[in-house]
Amino acid sequence: MRLTLPWAICLLILSAFPAFAADAVDLVRVHKAERRLELIGGGKVLRSYGIALGGDPIGHKHREGDQRTPEGRYVLDWRNPNSIAHKSIHISYPNPDDRAAARARNVDPGGMIMIHGQPNGFGWWGWLLQLVDWTDGCIAVTDSDMDEIWAMVADGTPIEIE
């Protein structure tokens, strides 16, 4: 087969943007203690990213304002291209168990937990923000990492946070 200009351009694009050529992501896994988010496809780690969490990250989220990231299995159920941070993908917290536990404590479980990039206008110093836990319980990545996650992860993908 002869390599024509259109095929050469396609190969160039795929090599420049590996997210387009990657296997399908069927799970997102977050290791809170390691500050690491992994994209899993076909049982193997396709990509791995450093993350920042909430200001009090140890343990499961119990209530609104506790600055914790929930732990357990959820779903990435919708996305916002126009969020206050550089893109965001919503995590389906709270689930029915989270709501019941919060109700038993007579507290609001909170919500709007997202994977997101840096605050809009501050992407240039994302490398610095990623050195500390600065969110209110979300999972933050750099803007370039968020662009890749956005391209590779479909709505409905499960996420495990441990």
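Student: What makes Trp127, Leu128, Leu131 and Val132 a nonpolar surface patch?

Tutor: In this predicted model, Trp127, Leu128, Leu131 and Val132 together make a nonpolar surface patch of about 450 Å². Such a patch is built from residues with over 30% relative accessible area whose nonpolar side chains are joined within 5 Å. One of the four, Leu131, lies in the loop between α4 (126-129) and β7 (139-140).

Student: How do you know whether Ser83 is buried or exposed?

Tutor: Ser83 is found in the loop between β4 (72-80) and β5 (88-91). Its relative accessibility is 13%, and because buried means under 20%, Ser83 counts as buried.

Student: What makes the approach of the Ser83 side chain to the side chain of Ser88 a polar contact?

Tutor: The two side chains make their polar contact at 3.4 Å, and the limit for a pair of N or O atoms is 3.5 Å, with one atom able to donate a hydrogen and the other to accept it. When residues up to four places away in sequence are not counted, Ser83 touches Ser88 and Asn120.

Student: Why is Leu46 described as buried, and where does Leu46 lie?

Tutor: Leu46 lies in strand β3, which covers residues 44-50. Leaving out residues up to four places away in sequence, Leu46 touches Asp23, Ala24, Val25, Leu39, Ile40, Gly41 and Met152. Leu46 and Met152 are 106 residues apart in sequence, and their C-alpha atoms are 9.9 Å apart in space.

Student: How many helices and strands does the chain have, and in what order do the elements run?

Tutor: The secondary structure comes to five helices and eight strands, and from the N terminus on the elements run α-α-β-β-β-β-β-α-β-α-β-α-β. Of the 162 residues, 41% count as buried. Among contacts between residues at least 6 apart in sequence, 61% join residues at least 24 apart.

Student: What is the mean pLDDT of the chain, and which residues have a pLDDT below 50?

Tutor: The mean pLDDT is 88, and 86% of the residues reach 70 or more. Over residues 7-16, however, the pLDDT is below 50, and beyond near neighbours in sequence this stretch has four contacts in the model.

Terms used:
Residues are numbered from 1 along each chain as its sequence is written. This is a predicted model: local features need pLDDT of at least 70, side-chain atom pairs count only at pLDDT 80 or more; totals for chains, interfaces and linings use all residues. Side-chain values use heavy atoms; hydrogens and water are left out. Helices (H or I, at least four residues) and strands (E, at least two) are DSSP runs, numbered from the N terminus. Buried means under 20% relative accessible area, exposed over 50%, partly exposed in between (1.4 Å probe, protein chains only). Contact means heavy atoms within 4.5 Å. Patches are made of residues with over 30% relative accessible area and no salt bridge: like charges are joined within 9 Å, nonpolar side chains (Val, Leu, Ile, Met, Phe, Trp, Tyr) within 5 Å. Accessible areas come from the Shrake-Rupley method with a 1.4 Å probe; for residues, only the protein chains shown count as cover. A salt bridge is a side-chain nitrogen of Lys or Arg within 4 Å of a carboxyl oxygen of Asp or Glu. pLDDT is the predictor's confidence in each residue, from 0 to 100.
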